[in-house]
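Trainee: I have the sequence and the coordinates open, and I would like to go through them with you. Could we take it one region at a time?

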Amino acid sequence: MVVPSATIDSLLKEKEQYPPPASFREGAWVRDERFSRDAAKDPERFWSERAKEFDWSRPWSTLLEWKPPFARWFVGGTINVAQNCVDRHAASARRNKAAIVWEGEPGEKRVLTYAMLMREVNRFADVLKALDVKRGDRVTIYMPMIPELPIAMLACARIGAIHSVIFGGFSAKAIHDRVEDAESEVIVTADGGYRRGKIVPLKRTVDEAVADLPVVRHVVVFARTKEAVPMQAGRDIGWDAAMAEADPVCDPEPMDATDPLFVLYTSGTTGKPKGVLHSTGGYLVGVATTHRLIFDIKEDDLYWCTADIGWVTGHSYIVYGPLANGATTFMYEGAPDWPHPDRWWSLIQEYGITILYTAPTAIRAFMRWGDEWPKKHDLSSLRLLGTVGEPINPEAWRWYHRTIGGGRCPIVDTWWQTETGMVLITPLPGVTTTKPGSATHPFPGVEAEVVDEKGQPVAVNKGGYLVISKPWPAMLMTLYKDPERYRQVYWSQIPGKYFTGDGARIDEDGYFWLMGRIDDVINVAGHRIGTMEVESALVSHPKVAEAAVVGRPHPLKGQALVAYVVLKSGHKRSDALRADLREHVRSAIGAIAVPDEVYITEKLPKTRSGKIMRRVIRSLVSGQEIGDTTTLEDPGAVDEVRKWLEAIEGKGP
Ligand code: PRX
């Protein structure tokens, strides 16, 4: 198992402890350990109590139906997620409370109250209906970080359509594959969005993506940048024009709690992205409960999660969790260092943001840019900080605590995945004494273990596989159109338990320490990239015969991709070809998957049976190994790969 440097550091510093400040504890939703103990005793009761806080159009008859590996929560109940996230608040004292506070990268500002959001969601739901989108149909959304993105998602939820949001950084090819898999007939996009002062041409990318997909009947285009974009007559529709004609009332569809709410594609160990399918009732209850208790959400908080809505973090903790709780969620469209590396800190000061949820990779970038940028601003409105996406190295944790949190804000290091839908391992800020680098304990009502290959719990401080022992409400339903793959990826390694694919250990105080991925998925800047996906992109280049892609520790991104490529005969290596290969990956997947280094080599090290020895390459390239690799690979193979790597490095890329 390969261990990122973060964990090595954490091994050294873990004695350090940060109890919750007394003033924080006093006002927190959860202030004593009893809460978690009670939930552990009777998780079903815990979840059923939480679920009662929502508006159900019909109450459930069975809380959980567990036919491994398929869990169905709130069976028999009907509910509408958009109604719970919007109408419920618009009909209460929160009607004129800000639901979404937004700033565009060029500096425009917008506030949508719950009443305003309700009008927009109703209208757009009616637009979708008029385009003949029905319950169960898939709608692909490819948009910048503007309020119309959550409006489109909520409109889908309102009429029971399943949304598939694609991150705005993905390429035309990636969109093509996802639209094809989801069979989306309608796509919602914008002309473009802003990123570091430039326009990202979203509509043109969509045009390229769907040119040969007759399944796409309509593309709705929001005018964000107002630059002229080609509009295909009959297919393309302007957002504003459609909204002007829409009915301002569109009744919410009562959905079965076990109906799907959305599909979100994520990287796997094979070339094909997995369509993670999330439910309606269980997902809503899971994300709302975790959001309220982990971020200790109060009526007057201004909460900012800096993720992009294209990732699960944005789905659960920018849109559904906060709005389900009637909170105010802040959204910013652009880059953190635009026009200067203090954009975030100036936003926090200007708006008085109280809770900040971000990723270790961003924290490390800010550390590198220097303390002078946050120091220019008054960050005293902050009361709580969070991180997600990868293990946070204790040095970054301490910098975040001191420089951003002024030493007074608890930090919640939240572990979860696209598949888990909601946070599963995390501190509760009013009760948990934190240790920098540890995500601490399972959330109340969640049962997690660290086990060996046989499913037996490992000893204290021994590394093993993180598994979740019981279903939880926001658990994925299945992989879209592929229940067999769902079973095989998550439920075949350790019978009866959900296999996370992460390594972990539990220390003598029962704290969980996450140790990174154990499969061929690596974590670049907090996002999962399947190395196989990048390999398939590389071998689709006409000059490439074979490729192996591995991760190597990177000071900012956590991990960076390194590619080893064998050319088809007759081709020579050159800088131009390497640049061409990187460009090829960019257009196949997107900038996030472009390898930092591409080595062109004569051959790849293989086992006798002909398999590329990726695991050995990976552990040598990352320079850190733990566990007993000798049992995994024969020691001769390790030497062979070492020599091969030295020869490559000697020759240069
Ligand atoms: O390896 C874990 C890491 O991110 C993976 C999930 O990636 P993704 O589905 O893209 O979702 C990211 C945001 C939820 C996990 O398998 N990971 C996520 N959070 C943490 C983490 N590793 C350590 N500590 C965390 N807090």
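Mentor: Gladly, and please keep in mind that this is a predicted model.

Trainee: How do strand 29 and strand 30 run, parallel or antiparallel?

Mentor: They run parallel, and five bridges join strand 29 (residues 558–567) to strand 30. As one point of reference along that pair, V566 stands opposite T601 in strand 30.

Trainee: And why is strand 30 largely enclosed?

Mentor: Four of the five residues of strand 30 (residues 597–601) are buried, so the rest of the structure largely encloses that strand.

Trainee: Switching to the ligand, which residues come nearest?

Mentor: There are 17 residues around the ligand, and of these D413, T414, Q417, T418 and D502 come nearest. The shell divides into six nonpolar, six polar and five charged residues, and helix 12 (312–324) and strand 25 (512–517) each supply at least two residues to the shell.

Trainee: How much of the ligand does the protein bury?

Mentor: The protein buries 96% of the 550 Å² that the ligand exposes when taken alone.

Trainee: Now the open sheet: what is the strand order, and how is the pairing described?

Mentor: Eight strands form that sheet in the order 12-11-8-6-7-14-15-23, and the pairing is mixed. Strand 12 (236–238) and strand 23 (478–479) stand at the edges with a single partner strand each, so one side of each has no neighbour in the sheet.

Trainee: Within that order, how many bridges join strand 6 to strand 8?

Mentor: Four bridges join strand 6 (residues 138–142) to strand 8 (residues 186–190), and these two strands run parallel. In strand 8, I187 is the bridge partner of T140.

Trainee: Last one, how many residues of helix 20 are buried?

Mentor: Seven of the nine residues of helix 20 (residues 614–622) are buried, which leaves the helix mostly covered; among them are V616, I617 and R618. Just after helix 20, G623 takes a positive phi of about 70°.

Definitions and conventions. Residues numbered from 1 in each chain as written. Predicted model: local features only at pLDDT ≥ 70, side-chain atom pairs only at ≥ 80, totals over all residues. Heavy atoms only, no water. Buried < 20%, exposed > 50% of the residue type's maximum accessible area, 1.4 Å probe, protein only. Pairing = 2+ DSSP bridges. Near = heavy atom within 4 Å. Areas by Shrake-Rupley, 256 points an atom, 1.4 Å probe, with all protein chains shown as cover. Nonpolar A, V, L, I, M, F, W, Y, C, P; charged D, E, K, R; others polar.
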